[in-house]
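Please read these notes with the structure open beside them.

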Amino acid sequence: MDLFRKSDPHLRPIESTPLPEGFTTADLLIAGNTVIAAPESRLQRRAMAFRSSWHQEFGENSFGLLVPQPDDPEHFFGAVMSRKGRISRIALSTLKEQSGVDPEEGRPRTTGDPKAVFAFPKIKVTAVLDEKGCFYLLYLDAAGKRWQKEILIKSTAAK
């Protein structure tokens, strides 16, 4: 992993850190002053965070999908985990999950793993396209206690 200063017109690396043996990157995200690398799902390993002279693995095994958090990109990012396709909102400062939802557990039921996840800057909703072709919204109820799922498109492949 090579880190560069954007203001350097010659793009000289300011730091270079080797990825762990066998780590194949599926997704990259720049959030604040941190670079997040998510490994391919098949590797069943945790994602990594890189800052100037520091790097660390974090969370559960990654599904290889990262989600920008446009409402607060300097403090949070999203990641999809391998276990049940959990969608987590993670604090950059601690690399700990602040909130999360297991899409398969919400009603109405869906069984496909997330393939694309979208967060929005002005509304507190997450849009998910799963591997079976279902497209749905996830959001907290008015009391902020339970996750709601609203299916917008249900594929004929989804059972």
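1. T25 stands opposite P39 in β4. Strand β3 and strand β4 (residues 34-39) are antiparallel partners over six bridges. Strands here are DSSP runs of E of at least two residues, numbered from the N terminus, and two strands pair if DSSP finds at least two bridges between them.

2. This is a predicted model, in which local features need pLDDT of at least 70 and side-chain atom pairs count only at pLDDT 80 or more, while totals for chains, interfaces and linings use all residues. Residues are numbered from 1 along each chain as its sequence is written, and side-chain values use heavy atoms, with hydrogens and water left out.

3. The open sheet has seven strands with antiparallel pairing, ordered β3-β4-β5-β6-β7-β8-β9. β3 (25-31) and β9 (97-101) are at the edges with a single partner strand each, so one side of each has no neighbour in the sheet. From one strand to the next, the twist averages 35° (angles run from 0 to 180 degrees between N-to-C directions, with axes as lines fitted to C-alpha atoms).

4. Most residues other than glycine have a negative phi, and most peptide bonds are trans. Q44, in the loop between β4 and β5 (46-51), has a positive phi near 50°. Q44 is partly exposed, at 42% relative accessibility (buried means under 20% relative accessible area, exposed over 50%, partly exposed in between, with a 1.4 Å probe and protein chains only).

5. L95 also has a positive phi, near 60°, and lies in the loop between β8 (87-91) and β9. L95 is buried, at 6% relative accessibility.

6. The peptide bond from R107 to P108 is cis, with omega near 0°. P108 is in the loop between β9 and β10 (114-119).

Methods. Helices (H or I, at least four residues) and strands (E, at least two) are DSSP runs, numbered from the N terminus.
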